[in-house]
Amino acid sequence: MSALSTDVNNTLLQLLQGFSSPNNEIRAAAEKTLDQNWITPENIEVLLVFLSEQAAFSQDPTTSALSAVLFRKLALRAPPSSKTVIIAKNITHINKPALSQIRKTLLEGFISERPGTIRHKLSDAIAECAQDDLPEWPELLQTLIESLKSPDANFRESSYRILSSVPHLINNVDVMSILPIFELGFTDSNDNVKIAAVTAFVGYFKQLPKQNWSKLGVLLPSLLNSLPRFLDDGKDDALAAVFESLIELVELAPKLFKDMFNQLIQFSDMVIKNADLETQARTTSLELLTVFSENAPLMCKSNPAYAQSIILDTLLMMTEVSPDDDDASEWKDADDTDDEEEVTYDHARQSLDRVALKLGGKYLAPPLFQYLQQMISSPDWRQRYAALMALSSAAEGCQDVLIGEIPKILDMVLPLINDPHPRVQYGCCNVLGQISTDFNPIIQKTAHDRILPALISKLTPSSLERVQTHAAAALVNFSEHADEGIIEPYLDSLLTSLLTLLQSNKLYVQEQALTTIAFIADASSVKFVKYYDTLMPLLLNVLKTNTGNTNGILKGKCIECATLIALAVGKDKFMEHSQELINMLITHQDSCTDDDDPVKPYLEQGWSRICRILRDDFIPLLPIVLPPLLESAKATQDVSLIEEEEAANFQQYMDWDVVQIQGKHIAIHTSILDDKVSAMELLQVYCTVLKSHFAAYVNEIMTEIAIPSIDFYLHDGVRATGASLIPTLLSALVSTTGTEDANVLALWHSASKKLISGIISEPMPEITQMYHNSLSEGMLIMGTNCLSDELLRGYTEGTKANLSDIYERTKERHNEDDEYNEDVDDELDGYTDEDLLDEINKSLATVFKTQGERYLNSIQEIWPLINTYLQDNEVTLLLFALVAIADIIESYGELTSGFKDSFIDRVTVCLVNPDPSIRQAASYIIGVCSQAAPTVYHNVCVSSLETLFQICNIPDAKSEDNITATNNASSAIGKILSTYGNDIPNLDSYISNWLKTLPTLDDQEAALSNYRNIKLLIDSESPVVCDPPMIPVVVDHVIQALHRKAINGNSALEIVDSVKKLLGKLPQNDAMAILQRYPSDYMETIQKWFS
């Protein structure tokens, strides 16, 4: 019996039939009617009830299936009136009676006799009605438990499917009662049920509290026992599906598999080596081994079988290239260098790269090279090629060991540059390019005479085009990290060969030749002037003769090459061709009408280089250059809600990305947003170079591009670039109007408000870091009291939230080593939080500086968190607190007396901390106390002198690790002696000992402080520094500081003037003798400052 009237049912049935019509017009009309008349706030409930009834009870399979799919789609769609399209869902907004009716209907349909495919679709619809943001549904769990006992495999599979989607259904059931449910699934006779059970188990495991994981461990043997059966029965798809679920478990709790790790290695090895299996089964098996290295590296290192298996398996798969094609004729004839069809080879390369990065060279390099040396000398070209590509893949991760073996590596690989097989030559070029990147700059300095001639030899017409191109690409890698002195001797042969490549009849060869010439020009800088007169006319000729819509990439590469050469040789040389090139760029820009024109990005970058060359002379070109750039920079978020089935299609395209948010699949047109980021970065270049001349564009860019970009929650790059653009724009505008202009104040208010809202709500630490940086830069531009009370409250709220989140993340990282996980050092996460803390320190210091005493009360709100960090022993946390305290004292001086007792004892303890960065920061605080608040901190400062001297006098005080701490301790001593000299007994003895801690050469701030104190001692005619035997010592300290540029500018002039007076106390011959005792490289410094 339907809950709806006959009229409604008939109307909607007719509409549904229109949806499945083969006639496009009928189908379009049905869709339009549905959208306009039924997907409305008034009718959406009726529509969902109708679809649930048809899905559950219709005897027509097409109607039933279409209704189930449409129900799920509309249940997930945001309500017509909702503003939060991504998050809101119709199913959570309908009335409870309607939801109850829908649930009852779908459940009745689920347990009735239905075709298997319909029941699966019903199970997906049911899952959407059981999400954890909806009221509880106890009847569903009862039904599922009964269905799992059904003799019909389809019932069992569908039940597990529902549990996969909504694992929280069984959260309140005792874990021990759940075990039999999964045990039944793992041992089921039906493969599909097994796979569904494994998927459901992983979903359940993921959201279960960690304390219950051990109870589930007993199920793993049953789960793993299904794998050999799938292999024996030739069920490759099932095997791959279970591997994928195991991968998720390993990422969560790798040590859960510790007792069966050997068996997993052996089984995976067996699957990978079986070339008759489907590719998906073999690659997921390799992925399983790989994720163990990323999540349990110690477990992998402690098992000798792991290294042998992962190395042999990846090497084997890397030989699977050019199947049944010994000559690699298909590869030779290919126009591009993307070997997408060689799936196992690609997976193996990526796997070895990831394993090497996690396990390092000490563990991986010895067994790897044992096999590489055998393969290099193999008569089979695929073995030789695989060895070279394996070395390329492992080089970065094994850098710790291999960087000391560069000569041996080159001895091994360079002979293959002339291998009989061109694909091996290609592999050799690849290795040389990769190690030029991974071992830079050492390899450029020590092996250029071996690498460059080898690569240049492959640029000749005797080499296959793909080898020529790859050699040229490897030269880009080498030149990126080489200075002009290294490149210069090879320029003649390089450019002769590259110019020959430009004559190739293969377009991709010409394109790579242009790229390589451009990078070599960039690396050789002014040394490239010699070749300018040959190359620039040639490039201009190519641009002149290719003005149509063909050969877009070639034209783009030409523009890139010409503008990079112009940048290398400088404005004076470029001016003879500048107008001609500019006219051609304008011509190409006028013909570049399509958004996807390949010339467009090259044009945009080319214009920016010309701006950097011409600077103010570029201003007349802005009306031509900026309009298309502004259009790209104003792009909006192109987001589509798609069906799960459509996700795979979207993911095939590089232009799109698919994310899942609250059960919805969201397709994001990322290429448009990537272009937006590029355009914003170029606007920043123009604004930075042209400064006040760019001010006319600031208002538009700030209000329509930079500030709105912070709301682009689906693209990190847009938010980060928009934030960094704000202070650059502000600076350009302020340079013409000042900070009191009404428009400037309005823009700053909008921008600072948006940045602070980002600090409060941004989920990505690296983006939050950008917000703090941009806000800090903006405050420095706008000056005193530039934030309102409301914005300061928001800043404080956001900063507290940031500090709390960082503290929690840090503790989680350090507590991860438990019975299930290793404490994997994720350097990226650690560095991100360290960088964020650094930026918070800077933004706090800027707030203190610009907002003054207005902010003093707000510090009380942040203080508990600073104190928590201060009491912690984790270096990054403690360091943050010490820096913050120093900034507070520096800004508020004697007003910090109320905070003193809560931190000063901990600071003095930190003076003897084993970590030099902590000693440095604590020493700096003591020095600041003596100058910014001498009354409040008198006793602490004077009593710290002995400890500070100890820091300066430890045996390795001047080592690379300790020197900054030593310099800051020395600086603090100098400040204390200067401030409290009259209160210190035996002051001259202290001064004499302090002078022994000099010279200060590695920290400019500490150096300036110390040498200013020397100046004061000279000017006050201190007997210690004016004593004739001490004068050469004092002079030497100053000369060393000048030579190392530790002091410079006006401050250095003032210090030198005092030192000249000191020298004047000696006979002229003695003074000259002091200055003339230095080696020749010092004499230039002495003549500059003392002549």
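Helices here are DSSP runs of H or I with at least four residues, numbered from the N terminus. Keep in mind that this is a predicted model.

**Exercise 1**

Find the residue that follows α31 and describe its phi.

*Solution.* Start with the helix: α31 covers residues 552-569, which is 18 residues. From first C-alpha to last, α31 reaches 26 Å, close to the 26 Å expected at 1.5 Å a residue. Now step past the end: G570 follows α31, and its phi is positive, near 95°.

**Exercise 2**

Work out how the rings of F182 and F186 are arranged.

*Solution.* A pair of aromatic rings is described by the distance of the centres and the angle of the planes. Then place the two residues: both lie in helix α9 (residues 175-186), 4 residues apart, about one turn of the helix. Both F182 and F186 are buried.

**Exercise 3**

Which parts of the chain does the pair F261 and Y306 link?

*Solution.* First the geometry: F261 and Y306 are stacked, at 6.0 Å centre to centre with 25° between the planes. Then the location: F261 is in helix α14 (residues 261-273) and Y306 in helix α17 (residues 304-318), 45 residues apart, so the pair links distant parts of the chain. Finally the burial: F261 counts as buried because its relative accessibility is 2%, and Y306 counts as buried because its value is 1%.

Key:
Residues numbered from 1 in each chain as written. Predicted model: local features only at pLDDT ≥ 70, side-chain atom pairs only at ≥ 80, totals over all residues. Heavy atoms only, no water. Expected span 1.5 Å × (residues − 1). Phe/Tyr/Trp six-rings, centres within 6.5 Å; stacked < 30°, edge-to-face > 60°. Buried < 20%, exposed > 50% of the residue type's maximum accessible area, 1.4 Å probe, protein only.
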